[in-house]
Number of protein chains: 2
Amino acid sequence: MPQNSAAKEISTRHPVNHAYRSKSAWMPHFRSPGGLKSEHMELLLKTRKFDVIVLGSGVAGGHVASRCHKSGLSVALLESHGFGGTCPLHGCEPKKVMADAAETVERFNNTSGTGPTGSAKLDWVELMRFKRTFTDDLPDKIRTHYQNLGIQTFTTAGKFAGPNTIVSGDELLEAAHVCIATGSTPRELQIPGHGHLSSSNDFLAMPTLPERIVFIGGGFIAFELAHIAAAAGAQVTIVHRSERFLKKFDADLVQRLTGHLEKLGVTFHRNCPPHSIEENGGALLLKAGEDGRQSFTADAIFNAAGRIPALAGLDLPAGNVDTRNGGVAVNAYMQSLSNPCVFAAGDVIAETMPLTPVASVEAEVVAKNIIEGPKHTMSPDVTPFSLFTYPPLATVGMLEEEAQKQGMRFDVIQGDSAGWSEYQRIGQTCAGFKLLVEKDTRQLLGAHVLGDAAEETINLFALAMRKKVDVDELRSMLWAYPSFGYAMKYMFR
Amino acid sequence: MPQNSAAKEISTRHPVNHAYRSKSAWMPHFRSPGGLKSEHMELLLKTRKFDVIVLGSGVAGGHVASRCHKSGLSVALLESHGFGGTCPLHGCEPKKVMADAAETVERFNNTSGTGPTGSAKLDWVELMRFKRTFTDDLPDKIRTHYQNLGIQTFTTAGKFAGPNTIVSGDELLEAAHVCIATGSTPRELQIPGHGHLSSSNDFLAMPTLPERIVFIGGGFIAFELAHIAAAAGAQVTIVHRSERFLKKFDADLVQRLTGHLEKLGVTFHRNCPPHSIEENGGALLLKAGEDGRQSFTADAIFNAAGRIPALAGLDLPAGNVDTRNGGVAVNAYMQSLSNPCVFAAGDVIAETMPLTPVASVEAEVVAKNIIEGPKHTMSPDVTPFSLFTYPPLATVGMLEEEAQKQGMRFDVIQGDSAGWSEYQRIGQTCAGFKLLVEKDTRQLLGAHVLGDAAEETINLFALAMRKKVDVDELRSMLWAYPSFGYAMKYMFR
């Protein structure tokens with residue numbers, strides 16, 4: 001059921017198959033009350049002790065809490081923004097509900113004149129109502145889920161009072177370990193009138209669709225939300241600070257995608273940093289570009305200029321937790337460099353890729369290190385990811401420029417695949433690919449796919465890269481026919 | 001372009017990367033005129049000599065012809081049913097055009113009340129017109145493609161006059177090697193009134209959609225075409241000889257799928273062998289079951305009772321070519337057991353799986369054996385395949401009953417996945433899976449998936465099986481999120 005899909009995620013994504021040592025086997029000595037901030041000394045009488053305190057209940061924090069609890073540790077889980085965190089409440093999940101609806105409508109309209117007949121539109125109000133069936137009762141269900149497990153839940157953000165003490169409301173919580181998993185938050189735009197800006201959370205909760213929408217930013221969030229809004233009939237403009245959109249994706253395929261979105265009515269502006277926002281006759285006026293010479297009138301302007309680790313209010317200095325690049329500074333064990341009691345997982349680490357599966361793996365490493373002692377490391381792994389426009393754009397491994405910079409010897413195999421019957425059959429006119437094949441090993445250094453089901457095909461490439469399957473074997477293998485996985489063969493000329 | 005997708009297939013599916021020995025390196029002595037059938041002696045003056053004669057221009061024959069030609073051999077390619085063969089003209093390709101259109105409409109209608117609004121229907125006439133853009137000019141284009149390569153093409157079926165001679169019209173063709181790649185043809189139903197039966201080729205070319213359609217048979221063809229016809233608004237009935245539908249797929253998932261198709265209006269009858277057909281007031285009346293007690297009135301009745309190797313008219317005895325189970329009897333080199341000049345590839349071999357990718361691999365083996373001598377063998381490989389209903393049903397590896405029969409020690413992991421948000425988002429109420437995991441190795445013995453994009457997910461399982469990746473590694477890997485490939489993790493509880 002959609003209502004508890006996130007809970008299912010959290011409880012089942014990493015079933016426990018290992019035998020863990022008992023908590024007595026490895027547990028640092030509590031440091032309190034030494035180091036406790038003086039302002040919190042009066043709370044000492046109310047101190048509650050746990051083995052682990054987890055700040056944040058998203059994909060990362062929720063998993064750390066569950067795993068630690070399952071191994072017999074007592075756990076406090078703090079969450080002030082709705083249990084479940086960004087992914088199920090304001091991120092991948094609701095976005096994908098909306099992106100899938102947009103895809104359904106576009107796919108239908110793309111086939112005009114080929115058999116499917118009728119008219120298709122995307123009704124925003126109905127879509128939002130449907131989206132809410134996936135999100136609205138989730139925080140309560142997820143909190144109840146943790147409580148039923150026996151985890152102590154708190155609806156506060158918590159902040160450090162000492163190296164291993166956390167203030168939650170008028171209580172002091174103390175634990176052998178604290179895991180910071182507070183995720184990320186939009187990077188604030190410090191321009192005049194920034195109070196008029198809306199967030200991606202606002203977008204995913206809009207009761208009606210504004211007529212004219214501007215996104216400031218040219219990354220994941222701007223593209224995915226712009227695509228949904230355009231599919232639902234809004235006039236959409238993306239205003240981007242620099243030249244290059246979607247820096248984590250192949251530049252040639254990004255260009256192909258932006259060309260396609262332009263045909264669907266999205267307008268793109270490059271090298272156009274935001275300057276100021278003002279209200280103007282009931283509408284908003286964004287000034288941007290050099291000296292604010294370009295202006296954009298909109299009914300809503302969204303800050304999609306990236307996200308930063310959400311650390312405000314945690315009082316990290318009180319916890320002796322250092323930061324790096326604005327996030328928690330951690331070692332290979334995901335452990336704070338300055339305070340060994342503290343671990344971090346997920347988007348709150350600046351260097352991490354802000355992806356649900358990555359947060360999930362990091363959380364598993366943190367949980368194991370809390371339970372067994374810091375000996376499990378985060379090893380780099382093949383990490384495929386997808387942008388959910390329609391068509392989607394997916395990537396795994398190196399970008400062409402990265403491979404060049406690293407001095408790899410590789411061939412580039414690329415092409416426009418919109419002519420393939422796989423795409424022609426469904427009226428898809430936007431598709432392409434780029435593969436980076438290492439000369440000596442014939443293995444993939446990177447794979448970049450634009451087109452229907454790219455998010456599935458990229459998983460095949462990811463598994464091939466992980467298992468070091470060369471392209472000759474990939475070409476010779478049997479695949480279901482027809483499928484987009486099979487069509488991969490056409491790439492290897 | 002759809003028009004030349006099959007030609008592209010043929011020319012690019014197996015790019016040549018190997019160095020081949022010259023044809024002089026291995027080439028048996030011509031046997032003619034010894035063994036030539038006496039009735040053809042008068043054609044001797046008109047005899048044309050080739051290195052290779054290929055009978056049939058489908059996926060298998062076309063590839064053998066191209067590969068042999070590319071290695072410097074002279075090639076004659078005979079085709080009497082339109083160049084390109086079943087897959088691009090009357091099989092996978094046009095069927096998938098129609099299945100995709102059905103999926104587009106159904107996916108749209110499944111999301112009623114969730115955002116996408118409007119009405120969607122499948123217009124048969126428009127669909128057929130669109131389908132023809134993929135097929136109509138293909139035979140000419142494919143023939144021209146081969147001619148431009150320098151392959152001699154003939155629009156005759158050809159028949160054996162001797163061990164390495166073929167009669168084509170009033171010419172005698174002689175070659176060191178003959179490759180039989182004539183594919184398959186519907187198994188004729190010898191019941192009274194069988195002249196009223198239509199074929200799957202007829203279905204794929206119907207100018208209008210009959211109101212009431214009956215399929216005799218309960219396999220791939222019956223299910224795929226029934227689904228398309230039902231989606232386009234026909235009343236569809238499947239009448240099957242025995243109890244078990246779709247014997248190559250998991251029985252539990254087949255049951256789930258038939259339940260779903262019943263909701264869409266398809267009617268299923270088991271244990272109901274056909275008895276007779278008669279015309280009745282402008283309609284057709286099928287009698288079936290014991291003593292023909294059950295009767296079905298239809299506007300069209302299709303024979304979907306399976307296909308057999310297409311060998312009629314080839315005069316195999318004249319070529320000293322033995323058969324086995326109704327197909328060409330071959331050894332591990334795909335070489336005739338009784339005539340070493342002759343090879344066979346594709347559906348014309350009874351024991352082969354009638355799948356395009358399999359035919360393609362067999363053709364590669366045959367081509368290499370013709371070029372380099374019989375030393376390359378067909379080795380069994382992991383072979384995923386999919387049934388293209390909506391949702392699709394896909395399979396790789398063993399069925400549960402096969403694994404039991406072979407005495408494997410395995411766990412069955414299965415479930416209904418319609419509750420997963422991946423399916424809920426798009427209104428899909430029919431989805432499920434069954435995995436067979438070997439106890440000792442934790443590797444997959446078989447994977448069976450029902451649901452959207454099953455044809456893609458099954459490729460991931462196929463690669464995992466080929467590379468012996470165990471389920472613990474599959475679960476721990478990073479996949480694009482959300483994707484159906486990622487959702488695979490939910491299966492491993």
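Because the model is predicted, local features need pLDDT of at least 70 and side-chain atom pairs count only at pLDDT 80 or more, whereas totals for chains, interfaces and linings use all residues. Residues are numbered from 1 along each chain as its sequence is written, chains are lettered from A in the order in which they are written, and side-chain values use heavy atoms, with hydrogens and water left out.

**Symmetry**

- Chain A is superposed on chain B by a rotation of 180° with 0.0 Å of shift along its axis, at an RMSD of 0.0 Å (least squares on the C-alpha atoms of residues with pLDDT of at least 70 in both copies).
- That is the relation of a two-fold axis.
- Both copies use the same surface, since 100% of the contact residues of chain A recur in chain B (contact means heavy atoms within 4.5 Å).

**Extent of the interface**

- Chain A brings 83 residues to the contact, and chain B brings 83 residues.
- About 7400 Å² is buried between chain A and chain B, with carbon and sulfur atoms giving 58% of this area (buried area is the accessible area, with a 1.4 Å probe, that two parts lose on being put together, summed over both).
- Arg425(A), Leu478(A) and Tyr481(A) supply 11% of the area that chain A buries against chain B, more than any other three residues.

**Interactions across the interface**

- Ten salt bridges are counted between chain A and chain B (a side-chain nitrogen of Lys or Arg within 4 Å of a carboxyl oxygen of Asp or Glu).
- One of the salt bridges joins the side chains of Arg425(B) and Asp100(A), at 3.1 Å from N to O.
- Helix α4 (residues 92–110) of chain A gives the most to the side of chain A that touches chain B, with eleven residues (helices are DSSP runs of H or I with at least four residues, and strands are runs of E with at least two, numbered from the N terminus).
- Strand β3 (residues 116–122) of chain A pairs with strand β3 (residues 116–122) of chain B in the antiparallel sense over seven bridges (pairing requires at least two DSSP bridges).
- Within this pairing, Thr117(A) has Lys121(B) as its bridge partner in β3(B).

**Backbone features of chain A**

- Most residues other than glycine have a negative phi, and most peptide bonds are trans.
- Tyr390(A) and Pro391(A) are joined by a cis peptide bond with omega about 0°, and Pro391(A) lies in the loop between β20 (385–387) and β21 (393–397).
- The peptide bond from Tyr481(A) to Pro482(A) is also cis, with omega near -15°, and Pro482(A) lies in the loop between α14 (471–476) and α15 (484–487).
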